[in-house]
Amino acid sequence: MSEFLDLEAQDGVRMTWNTFPGTKQEALGCVLPVAAIYTPLKSIPDTPVLPYSPLRCRICRSVLNPFSVVDYVAKIWICPFCFQRNHFPQHYMSISEDNLPAELFPQYTTIEYASSVETGPKMPSVFLFVVDTCMIEEEIMFLKSALSQAIELLPENSLVGLITFGTYIQVHELGFGHMPKSYVFKGSKEITKDQLLDQMCFFAGRPRPNVGVIAGPRDGLSAESIARFLIPASECEFVLNSVLEELQKDPWTVPSDQRASRCTSTALSIAASLLGLCIPGSGARIMAFVGGPSTEGAGSIVSKNLSEPIRSHKDLDKGSAPLYGKAVKFYESLSKQLVHQGHVLDLFACAPDQVGVAELKVAVERTGGIVVLAESFGHCVFKDSFRRIFQTTDYDLGLAFNGVFEVNCSKDVKVQGIIGPCASLDKKGPLCAETVVGQGNTTAWKMCGLDKKTSLCLIFEIARKDGPEAVSQPTSNQFYFQFLTYYQHSDGQMRLRVTTLSRGWLAGPGSTQGLLAGFDQETAAAVMARIVSFKMETESDFDPIRWLDRSLIRLCSKFGDYQKDSPSSFSLSPRLSIFPQFIFHLRRSQFVQVFNNSPDETAYYRMILNRENVANAVVMVQPSLISYSFHSAPEPVLLDVSAIAADRILLLDSYFTVVVFHGASIAQWRNAGYQNQPEHETFAYLLKAPRDEADAIIKERFPVPRLVVCDQHGSQARFLLVKLNPSVTYNSNNPPPPGGDIIFTDDVSFEVFLDHLQRLAVQ
């Protein structure tokens with residue numbers, strides 16, 4: 001596994017197969033797709049940033065890279081993708097084997113360009129806060145406090161705007177500093193860009209230009225009219241804080257049998273149109289703080305009548321959620337508008353009930369937005385996550401804006417699509433596969449918002465054919481890939497990051513062992529989790545458990561060692577041995593089992609899965625479990641109910657929650673206060689160690705996970721029990737060891753699952 005981690009550290013890429021199946025037929029036989037999980041802005045130490053423009057191939061537009069063949073005498077380089085011969089320009093004429101430009105150094109397979117000619121002038125980042133006021137006073141106080149802290153941390157050169165909404169929407173004119181002033185719009189009415197222009201007096205006292213779509217200063221909007229609503233962060237602190245101090249709960253009375261009149265969708269639509277008018281094409285984020293379900297406007301998710309419950313998974317399956325389709329359609333059109341403008345929608349949903357994350361998912365995900373789901377604006381999950389966005393520490397997010405991601409690869413490889421936070425730019429070409437997965441049918445995608453952790457899952461198809469057609473194909477046994485990411489750096493400068501990779505391919509009867517040697521089971525688990533989530537959302541009669549089981553059986557049949565019809569002879573290579581365990585936990589995970597989760601929670605979990613790297617995705621699928629006891633140093637233990645013991649503390653990290661679980665004896669000793677007695681110093685240290693480790697996990701993770709501290713047999717112990725392999729249940733023949741525990745479930749254990757797998761794989 002370590003060689004795959006080294007490749008990721010060098011380029012931010014992990015692939016399911018690091019030696020590719022050489023033909024289309026062989027790739028289909030491998031069951032799992034050829035896929036890569038790529039983190040475009042992964043911080044790679046010593047990556048050079050070149051102050052000049054990249055050199056491109058005349059035909060395929062790929063960038064000069066270490067895999068290009070260079071003729072130093074004729075001053076020519078040959079593109080590894082299309083084999084075009086390109087002449088070096090004049091300023092490369094001193095090139096020789098001893099005098100190479102950085103982009104040809106073999107270790108610089110990932111490199112950045114920051115040429116101002118290529119990338120244009122520096123642009124300020126923009127933050128537009130859209131704040132829900134239909135909440136109780138306590139929640140509004142929590143939110144005001146969080147916003148006040150954030151205002152102090154905003155980058156100096158950024159611009160800030162504020163919109164508040166409840167029954168009506170108020171666009172605050174922050175540039176008018178003498179007194180609070182805002183423009184009010186009705187929440188139940190859709191507002192067009194033209195209406196905004198007229199009603200907000202953008203052309204007061206001046207004739208309006210005779211152009212189709214008005215977008216920014218280019219079309220006659222004066223800088224003064226824009227500065228009324230978006231003001232520099234360095235000047236906004238006093239004005240914004242005075243507006244926030246005055247912020248009150250929505251004044252319209254709500255009957256006791258009704259929900260508040262909340263027009264989330266109209267407020268977001270006005271925010272998008274305002275940014276589209278003022279600063280199209282510049283990096284901007286709409287940060288929406290929502291404290292309840294939308295009941296007004298095109299994106300409402302439930303009626304105002306409290307007797308009508310908010311839609312559940314069952315309602316969505318039966319088609320009995322009448323507002324769902326209409327709301328999703330609205331947010332799809334909003335996402336297209338935001339992608340076209342290059343702007344991001346971030347969502348902070350903090351309420352005990354659902355707020356409509358399932359409907360908003362399409363707009364947040366396609367614009368690369370951040371999503372945080374918590375029970376309250378006072379909860380540390382929201383407060384710490386929100387603060388982390390603006391903090392400049394070792395764990396800062398490194399927010400980037402307005403990105404475009406492009407792929408180039410050898411002509412024998414085609415791109416089926418990307419599952420992740422991006423939107424297709426419909427750039428069709430010979431590299432597009434006929435089969436589409438996720439955002440497909442293109443080789444370029446818009447990434448309005450991205451950060452150091454944002455990861456994309458690219459799914460490829462091997463197009464190389466076997467037989468007589470293969471004779472005319474090049475004999476090199478390497479496939480090449482190039483990923484290009486244009487983005488607005490957090491300092492406002494536009495940059496281009498280029499990652500170029502090569503992977504070998506194998507074909508023919510003896511290729512099985514070679515393919516297996518390059519199989520990365522962690523990446524395969526992360527890719528399968530994304531694909532199964534995507535299929536559950538897009539295919540109506542899809543059975544995820546059956547699909548996962550069949551894929552695993554076929555994979556084990558192809559790569560396992562066994563004698564036909566003899567389950568006892570079955571064994572798996574170490575390269576594949578953990579994969580069945582990953583699939584077992586994926587079948588039981590919150591991505592596949594939607595029972596007991598609301599549509600909002602399921603959408604939230606899947607959005608986070610679709611933007612995280614392999615290591616984090618694996619923790620979501622199969623949580624890590626560490627045991628602390630007097631008898632040994634902290635050690636990883638099996639994710640099994642047999643790990644529970646009365647004299648042990650367990651630390652479970654399931655990504656969204658971190659659980660510190662005290663065994664029954666440990667809890668009794670702690671309640672008796674032994675840790676405060678000098679002779680029991682070791683016990684005090686034992687109690688502290690898992691908390692320190694939990695704090696370290698929380699410190700570097702985004703969104704901040706929920707910390708649960710619980711005791712054996714306590715009500716919160718369910719956070720641990722639900723993740724464990726139920727090897728001992730209420731109807732098992734083998735009782736648990738003294739101080740152990742049992743799980744009340746009818747789920748099969750991993751042993752039974754493996755037994756069935758062996759029986760079916762050898763048939």
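This report describes helix packing, aromatic pairs and selected residues in a predicted model.

## Helix packing

Two packed helices are described by the angle between their axes and the distance between the axes.

| Helix pair | Axis angle | Axis distance |
|---|---|---|
| α4 (residues 137-153) and α12 (residues 380-390) | about 15 degrees | 9 Å |
| α4 and α7 (residues 233-246) | roughly 175 degrees | within 10 Å |
| α14 (residues 521-538) and α18 (residues 614-621) | roughly 70 degrees | within 9 Å |

Helix α4 packs against α12 at an angle of about 15 degrees. Because angles under 35 degrees count as roughly parallel, α4 is described as roughly parallel to α12. The crossing of these two helices is right-handed. On the α4 side the contact is made by Leu143, Ala146, Leu147, Gln149, Ala150 and Leu153, and on the α12 side by Phe382, Phe386, Arg387 and Phe390. By residue type, the contact of α4 with α12 holds eight nonpolar residues, one polar and one charged.

Helix α4 also packs with α7, where the axes cross at roughly 175 degrees. This angle makes α4 roughly antiparallel to α7. Here Lys144, Leu147, Ser148, Ile151 and Glu152 of α4 meet Cys236, Glu237, Leu240, Asn241, Leu244 and Glu245 of α7. The contact of α4 with α7 divides into five nonpolar, two polar and four charged residues. Leu147 of α4 takes part in the contact with α12 and is also listed in the contact with α7.

For α14 and α18, the axes cross at roughly 70 degrees, which makes α14 roughly perpendicular to α18. The crossing of α14 and α18 is left-handed. Helix α14 contributes Glu522, Thr523, Ala526 and Ala529 to the contact, while α18 contributes Val614, Ala617, Val618 and Val621. Of the residues in the contact of α14 with α18, six are nonpolar, one is polar and one is charged.

## Aromatic pairs and a cluster

A pair of aromatic rings is described by the distance of the centres and the angle of the planes. The structure holds 43 aromatic pairs. In one of them, tyrosine 38 and phenylalanine 483 have ring centres 4.7 Å apart and planes at 40 degrees, so the pair is tilted. Tyrosine 38 belongs to strand β3 (residues 34-38) and phenylalanine 483 to strand β22 (residues 478-488), so this pair ties together parts that are 445 residues apart in sequence. Both tyrosine 38 and phenylalanine 483 are buried.

Phenylalanine 405 and tryptophan 445 form another tilted pair, at 6.1 Å centre to centre and with 40 degrees between the planes. Phenylalanine 405 is in strand β17 (residues 400-409) and tryptophan 445 in strand β20 (residues 444-450), so the pair ties together parts that are 40 residues apart in sequence. Phenylalanine 405 and tryptophan 445 are both buried.

One aromatic cluster is formed by Phe127, Phe129, Phe289, Phe348, Phe377, Phe382, Phe386, Phe390 and Phe401. Among these residues, Phe382, Phe386 and Phe390 are also on the α12 side of the contact with α4.

## Individual residues

Threonine 23 sits in the loop between β2 (20-21) and α2 (24-29). With a relative accessible area of 1%, threonine 23 is buried. Beyond residues up to four places away in sequence, threonine 23 touches Ile462, Arg464, Lys465, Asp466 and Ala507. The C-alpha atom of threonine 23 is 9.8 Å from that of valine 413, although the two residues are 390 residues apart along the chain.

Serine 424 is part of strand β19 (residues 423-424). Apart from neighbours within four places in sequence, serine 424 contacts Gln439, Gly440, Thr442, Ala444 and Trp445. The C-alpha atoms of serine 424 and tyrosine 604 are separated by 22 Å, and these residues are 180 residues apart along the chain.

## Backbone geometry

Most residues other than glycine have a negative phi, and most peptide bonds are trans. Phenylalanine 83, in the loop between β6 (76-78) and β7 (85-87), has a positive phi near 60 degrees. Asparagine 441 also has a positive phi, near 65 degrees. Asparagine 441 is placed in the loop between β19 and β20, and at 34% relative accessibility it counts as partly exposed.

The peptide bond from phenylalanine 702 to proline 703 is cis, with omega near -10 degrees. Proline 703 lies in the loop between α20 (681-700) and β28 (706-711).

Methods:
Residues are numbered from 1 along each chain as its sequence is written. This is a predicted model: local features need pLDDT of at least 70, side-chain atom pairs count only at pLDDT 80 or more; totals for chains, interfaces and linings use all residues. Side-chain values use heavy atoms; hydrogens and water are left out. Axes are lines fitted to C-alpha atoms, for helices over the stretch in contact, and angles run from 0 to 180 degrees between N-to-C directions. Helices (H or I, at least four residues) and strands (E, at least two) are DSSP runs, numbered from the N terminus. Angles under 35 degrees count as roughly parallel, over 145 as roughly antiparallel, 65 to 115 as roughly perpendicular and the rest as oblique. A crossing is left-handed if the near helix is turned anticlockwise from the far one by less than a right angle, and right-handed if clockwise. Contact means heavy atoms within 4.5 Å. Ala, Val, Leu, Ile, Met, Phe, Trp, Tyr, Cys and Pro count as nonpolar, Asp, Glu, Lys and Arg as charged, and the others, Gly among them, as polar. Rings of Phe, Tyr and Trp (its six-membered ring) pair if their centres lie within 6.5 Å; planes under 30 degrees apart count as stacked, over 60 as edge-to-face and the rest as tilted. Buried means under 20% relative accessible area, exposed over 50%, partly exposed in between (1.4 Å probe, protein chains only).
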